[in-house]
Amino acid sequence: MLLIITISVYCYRRKSQQAEREYEKVKHQLENLEESVRDRCKKEFTDLMIEMEDHTNDLNEGRIPFLDYKTYTDRVFFLPSKDGANDVMITGKLDIPEARKATVIQSLNQFSNLLNSKTFLINFIRTLERSHDFNARAKVYFASLLTVALHGKLEYYTDIMRTLLLELMEEYVNSKNPKLMLRRSETVVERMLCNWMSICLYQFLKDSAGEPLYKLFKAIKHQIEKGPVDVRVKKAKYTLNDTGLLGDDVEYSVLTLQVLVQGEGPDVTPVKVLNCDTISQVKEKIIEQVYRNLPYSQRPKVDSVTLEWRPGSTGQILSDLDLTSQKEGRWKRINTLAHYNVRDNATLVLSKVQHTQQNYDQNQENHEERNALLEDDKVFHLVRPTDELDETKSKRGSIKDKSMTKAITEIYLTRLLSVKGTLQQFVDDFFRSVLCSGAVVPPAVKYFFDFLDEQALKHNNVDEETIHIWKTNSLPLRFWVNILKNPHFIFDVHVSEVVDASLSVIAQTFMDACTKSEHKLSRDSPSNKLLYAKEISTYKKMVDDYYKGIRQMVSVSDQDMNTHLAEVSRSHTDKLNTHVALHQLYQYASKYYDGIIASLEEDPAAQSKQLALRLQQIAAALENKVTDL
């Protein structure tokens with residue numbers, strides 16, 4: 001018994017000492033973690049205090065690069081299509097043999113007259129929407145073609161839109177949930193409404209809301225470029241988007257380069273860059289500064305210029321990847337200014353690539369080689385992705401180490417708050433410019449909101465919340481969110497992926513402000529909702545006051561609205577690719593030809609106007625068929 005007691009005491013004491021050692025070890029780790037957190041917070045606070053340049057003065061000096069009406073409508077209507085910038089509606093190029101051109105143009109004009117028959121157009125749209133293979137993408141594209149084709153008669157376009165909206169309203173109010181109406185572009189008329197708003201609010205964007213939106217875009221861009229941006233993983237130190245946050249502490253310093261542009265005189269332009277910027281990023285910042293008075297489309301592109309550093313008598317061409325690029329195992333790091341050891345106040349020469357055939361071929365080879373190197377999976381910029389070797393090592397690491405790492409990375413979320421605080425004034429200014437009924441409200445907004453109010457009174461099951469949702473779906477969500485997420489639809493600018501990520505957070509906040517439902521926040525809520533939790537109630541009140549203010553305004557009569565629409569038609573229609581739109585619309589008429597003819601032959605109004613016969617004659621002429629018609 002004595003032996004057993006002795007062994008038990010020994011084992012107990014040994015376990016106690018072991019537990020104490022374990023406790024001291026954990027305590028030491030926690031102290032280290034706390035110290036690390038304290039140091040990081042101090043560093044983040046110091047970074048936050050770095051002076052931010054005043055954009056407002058810069059903007060007042062330079063003009064805002066608004067797009068012309070045609071480019072604006074092309075981008076809003078057709079840039080999201082599957083062909084993007086190469087869409088035939090943007091290029092305006094139709095592949096028609098010269099010998100047939102006159103006949104085709106004449107037939108398209110006859111088809112335009114046919115589209116101006118309300119009976120034909122309503123039958124045309126209904127036939128397409130009944131077809132199972134006429135999907136959502138096709139509906140959006142068809143509606144945009146229709147908008148361009150009927151742009152010369154916007155009053156008629158509005159009449160068609162109203163007729164189709166009344167049908168849609170009946171359908172939702174009687175058989176579906178009314179709150180879901182206009183939520184998505186699931187019908188042709190919903191996209192027609194979106195395009196109608198885009199047309200009617202173009203001048204309002206230029207006169208009022210455009211400037212605060214442009215200032216917000218420039219502020220986000222500047223704030224992001226103030227810190228490191230990883231070109232490979234598309235993450236930034238300064239951002240509003242937690243998924244686009246650079247979770248590593250990258251060492252960097254700010255450099256001022258003295259840039260000389262070859263062939264443009266002896267003047268030197270000082271340009272601020274970071275020593276961790278890739279050569280392409282440096283080129284972008286130089287082009288942005290040197291050509292700041294030119295819109296983006298008129299500036300040289302990164303691939304069309306070379307950058308030469310002249311530390312002494314000889315010069316060195318700088319590039320993203322070359323024979324000097326550093327290797328880390330199987331990974332190759334993209335070259336930065338730090339890699340070339342470029343110092344503060346260094347002189348760099350920007351040269352445009354001369355397009356002689358020899359230089360062009362050489363440039364093409366270099367460009368293709370650079371692209372091939374950059375597309376290599378084993379290339380990184382600031383953060384080297386975890387490869388298989390690292391993953392094996394990390395699997396051996398303890399759970400405690402992983403949780404500590406997780407705790408450390410959460411500290412970086414404080415940067416979201418610092419960026420949000422810096423941009424707050426710009427966000428507020430934009431929201432005020434859009435949601436202010438005290439200033440000039442576009443007549444289209446008052447006209448359409450009154451139309452919704454009138455229709456709501458005719459249905460018993462449409463309450464105030466439903467009307468609020470209809471208005472939100474028709475204007476803020478259908479137009480403003482689209483413009484906010486895509487500034488290049490209205491401005492001649494380039495929107496990078498990292499800037500787009502931050503704009504998406506502001507757009508989501510704008511959407512949340514327009515909803516009636518309350519968001520219950522918790523620790524698991526998305527970062528963007530937590531980020532603007534304090535402001536959201538203010539924004540919601542702004543939306544409510546905006547809707548109330550519009551309701552109290554003097555009504556816009558049909559005559560006044562038609563006068564306004566006629567002015568828009570007169571000012572801009574001749575610049576649009578109307579014949580291209582008609583040609584594309586006819587492709588739908590050709591595809592669903594039998595269904596359209598059958599629908600017209602069953603409609604007494606269409607029979608009296610011989611609409612089926614007119615379509616058959618147009619089809620025969622356009623498709624070059626011999627016919628007895």
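This report walks through the predicted model of one protein chain, from its overall make-up to a few local details.

Residues are numbered from 1 along each chain as its sequence is written. Since this is a predicted model, local features need pLDDT of at least 70 and side-chain atom pairs count only at pLDDT 80 or more, while totals for chains, interfaces and linings use all residues.

**Confidence**

pLDDT is the predictor's confidence in each residue, from 0 to 100. Its mean for the protein chain is 85, and 86% of the residues reach 70 or more. Two stretches to watch are in the table; contacts (heavy atoms within 4.5 Å) are those beyond near neighbours in sequence.

| Stretch | pLDDT | Contacts in the model |
|---|---|---|
| residues 51-55 | below 50 | ten contacts |
| residues 400-408 | below 50 | eleven contacts |

**The chain as a whole**

You'll find 27 helices and ten strands here; helices (H or I, at least four residues) and strands (E, at least two) are DSSP runs, numbered from the N terminus. The chain has 629 residues, and 46% of them count as buried, meaning under 20% relative accessible area, with exposed over 50% and partly exposed in between (1.4 Å probe, protein chains only). Take the contacts with a separation of 6 or more: 75% of them come from residues 24 or more positions apart. As for the accessible surface (Shrake-Rupley method, 1.4 Å probe; for residues, only the protein chains shown count as cover), it comes to about 33100 Å², and carbon and sulfur atoms hold 51% of that.

Strand β8 (residues 331-333) pairs with β10 in the parallel sense over two bridges; two strands pair if DSSP finds at least two bridges between them. K332 has V379 as its bridge partner in β10.

**Two spots on the outside**

M1 sits in the segment before α1 (2-48) and is exposed, at a relative accessible area of 80%. Together with I5 and V9, M1 makes a nonpolar surface patch of about 350 Å². Patches are made of residues with over 30% relative accessible area and no salt bridge, and nonpolar side chains (Val, Leu, Ile, Met, Phe, Trp, Tyr) are joined within 5 Å, like charges within 9 Å. A salt bridge is a side-chain nitrogen of Lys or Arg within 4 Å of a carboxyl oxygen of Asp or Glu.

R63 is in the loop between α2 (55-61) and α3 (69-78). R63 counts as exposed, at 58% relative accessibility. R63 and R292 are 229 residues apart along the chain, yet their C-alpha atoms are separated by 9.9 Å.

Technical notes. Heavy atoms only, no water.
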